[in-house]
Structures are given as C-alpha cells and as structure tokens.
Amino acid sequence: MVAGLGVLFVVLLTLPGFVVDHDLAGDHVAAAERLSAVNNVRTTLLQAVGGGVVLFGAYATWRQLRVSQEGLNATREGHVTDRFSRAVEQLGSEKLDVRIGGIYALWRIADHSGRDHEAVVSIMAAYLRTHLPWPPLDPAAPAAEVSVNAVRPLETRAADAQAALTCLGVLGQERAPGWLNVSFTDLRRADCDGLWLGGVNLDGTCLEAASVYRVDLSGVSLIAANLRHAELGTSVLRQARCLEADLRGARLVKADLGGADLSGADLREANLRKARAHGAVLAGADLRAADLRGCDLGGADLRQARLEGALASDLTVWPTGFDAHAAGVVLAADPGAEPDNPLPAAAITRQAPPLASS
C-alpha cells in the first residue's frame, strides 16, 4: 500500500507536467497559465483515481457479501441436513410420540425447503406402506375379516400413520406431477377430509368407512380398492381409475365422477344422489339398489351394468337412448337439495349399517 501511494504521488507530481507540455507542442505560455493547466490535469487524475478506488471498494464489498451468503447457505443446508437425518431416525423409534415428532419435523422441513419437498412426501408414502400393510401383518392390528364397526378410527388406532397421511395429503397440493405409491395400505376409518391425493396409487388399499370428504382424487388409481361405507361426498374423482373397486354402501353425494373408470366396480347400495358422473365408464358395474336420484349419467358407459332395484328420479340424467325402465330402475321422488355434511370427520366413528348385498 505504501509503495502504491508512493507511485501515485510521483505520477500525480510529474505526469500532469508531461501531459501539458505534450499538448502545448512547444508553444510558450505564461507560467501562471501553465500551472493552472497542470493543476487541472492533476485534478482530473485525482478524480479518476478516486472513482477507481470507489469501484474497487464496491466490488470488494459485493464479493465479500457473496462469500458470506455462500457460507450462510452452506451452513443452512448443513442444519437442514442434520434436522432431516434426525427426523428420519425418529421414525424408527419404538415410542409413538417420538415417531409423531419425526413426522411433524419432516413436514416443517418440507414447508421451508423446496428441495426436500418431494423426498418428504415419498417418505410419508413409504411410512404408510410399511407400517400399515393390507392385509395386516401385525398380530396387534385388527384382522382383515373383522367388522369395520370393531375397528377404531385411524387417529386413535395408529396416530403416527394418521399424521403421516395428513402430511402427505397437505403437501400433495404442491407436489410435482408424478406417481406416488400408497397401494395395499390399511386405511380403515382414516380421516382424509380436505386432502390432496390426486395421482396417488391406492390400488388394493382398504379405505373402508374412511372419511374422504371434499378430497381431490383426480387421476387417482383405486383398482380393486375397498371403499365400503366410505364418505366421499363432494370429492373430486375426475379421471380416477376405480376398476373392480368395492364401493358398496359408499356415500358419493354430489361427488364429481366425470370421466372416471368404474368398470366392474361394485356400487350396490351406494348413495350417488346429485353426483356428476357425466362420461363415466360403468361398464359391467353393479349398481343394484344404488341411489341414483338426481345423478348426472349423461354420456356414461352403462354397457352390461346391473341396475335392478336402483332408485332414480325425474332429475336423473341418463345416456341418450338408455331405457332405465327396462334395466329394472325404480322411479322415486327426488329428495331435494342435498345439504353439505357439517361434521364430515364424524364418518370415521359412525356405525356402518349391515349391507343387504354382503
């Protein structure tokens, strides 16, 4: 720095004179005029040097801030990684409260770290598959053949699994498009109200007597799933795949089934009042004793569907050319406006009535 200041002093002392003499090209001027010209050059050089110092200082400050920010980001990533690792370790604890704490810790990480969002969702799906397989493997779990009325709600039977399901369904609102595997899972009497489960693979999953009220199930796969007595009121199942699904006694009041594939599904005694099933595929489906009053079935595929004893009203919309009377449909009075379920989660505690078709 001292050497630089010395060079700068010499330059400012001698260079202006050389510049002025060069510009004069041998012309003689008064000493006062020459001194004024030298001082002007010296002032200009000082301003240039000052500007350079300011620019260098600004660059040095920006560089220091960037280095500090990179260090801060690295530290933050390290903290997130440590928190992530500890939370995952908690999931393997034998203590229920520790496992629940790990689930909520991962949930919080996903909320604050977009890079970890998909990983947390996948972990929740794997947690459900491994802790609640269907059919049940744990001798302490309710057996597959036991009546659903003897099965406690999931939030009391396996509170950690209910927390994982809720986390998965809430984070699913911002999940990147893609297939998420939650197949062959025991979700009897689960509380799914208001969750986002679109595009999830729930093939072979048991959702018997589950509360799936106002749930986004667009594009979901429910092939061979058990949805007996499930509360699906006002849920969206557009383009859902429900082939061979068991929906006996399910409540689908005002549900959106547009374009859904329910080929071979068992819908006996199901409540589809005011449901929107325009364009749905119900080929080979069993709709005997189902309540179809006010249901929109316009454009639906009802080939080989069984409808003996199904209830319909003047507001039921049938595909063009379909003869409901010949199919054995019973005409009944329309029940009128369908109120929303004020306490949808109560579905997981209500007693499921016996099915005449069981």
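Visitor: Why is Ala-224 called partly exposed?

Guide: Its relative accessible area is 47%. Buried means under 20% relative accessible area, exposed means over 50%, and partly exposed is in between (1.4 Å probe, protein chains only). The value 47% falls in between, so Ala-224 is partly exposed. One caution on the source: this is a predicted model, where local features need pLDDT of at least 70, side-chain atom pairs count only at pLDDT 80 or more, and totals for chains, interfaces and linings use all residues. Residues are numbered from 1 along each chain as its sequence is written, and side-chain values use heavy atoms, with hydrogens and water left out.

Visitor: What makes Gln-239 exposed?

Guide: Gln-239 has a relative accessible area of 52%. That is over the 50% cut-off, so the label is exposed. Gln-239 also lies in the loop between β2 and β3. Its phi is near 60 degrees, again a positive value in a residue other than glycine.

Visitor: How do you know that Ala-225 is buried?

Guide: The relative accessible area of Ala-225 is 2%. That is under 20%, so Ala-225 is buried. Its place is in the loop between β2 and β3 (311-312).

Visitor: What does Ala-225 touch?

Guide: Leu-202, Gly-204, Thr-205, Ala-245 and Asp-246, not counting residues up to four places away in sequence. Contact here means heavy atoms within 4.5 Å. There is also a C-alpha separation to note: Ala-225 and Cys-242 are 17 residues apart along the chain, and their C-alpha atoms are separated by 7.5 Å.

Visitor: Why does Asp-301 count as buried?

Guide: Its relative accessibility is 18%. The limit is 20%, and 18% is under it, so Asp-301 counts as buried. Asp-301 lies in the loop between β2 and β3. Among the residues it touches are Val-281 and Leu-282.

Visitor: What makes a polar contact with the side chain of Asp-301?

Guide: The side chain of Arg-303, at 2.7 Å. A polar contact is a pair of N or O atoms within 3.5 Å; within protein, one must be able to donate a hydrogen and the other to accept it, and residues adjacent in sequence count only if both atoms are side-chain atoms. The distance of 2.7 Å is within that limit.

Visitor: How do you know that Thr-185 is buried?

Guide: Thr-185 has a relative accessible area of 0%. That is under 20%, so it is buried. Thr-185 is found in the loop between β1 (180-181) and β2 (200-201). Its side chain reaches the backbone oxygen of Val-182 at 2.9 Å. Leaving aside neighbours within four places in sequence, its contacts include Leu-128, Leu-132 and Trp-134.

Visitor: Why are α3 and α6 roughly parallel to each other?

Guide: Their axes come within 9 Å and cross at roughly 10 degrees. That is under 35 degrees, so the two are roughly parallel. By class, this contact has 12 nonpolar, one polar and three charged residues.

Visitor: How many helices and strands are there in the chain?

Guide: Six helices and four strands. Helices (H or I, at least four residues) and strands (E, at least two) are DSSP runs, numbered from the N terminus.

Conventions: Axes are lines fitted to C-alpha atoms, for helices over the stretch in contact, and angles run from 0 to 180 degrees between N-to-C directions. Angles under 35 degrees count as roughly parallel, over 145 as roughly antiparallel, 65 to 115 as roughly perpendicular and the rest as oblique. Ala, Val, Leu, Ile, Met, Phe, Trp, Tyr, Cys and Pro count as nonpolar, Asp, Glu, Lys and Arg as charged, and the others, Gly among them, as polar.
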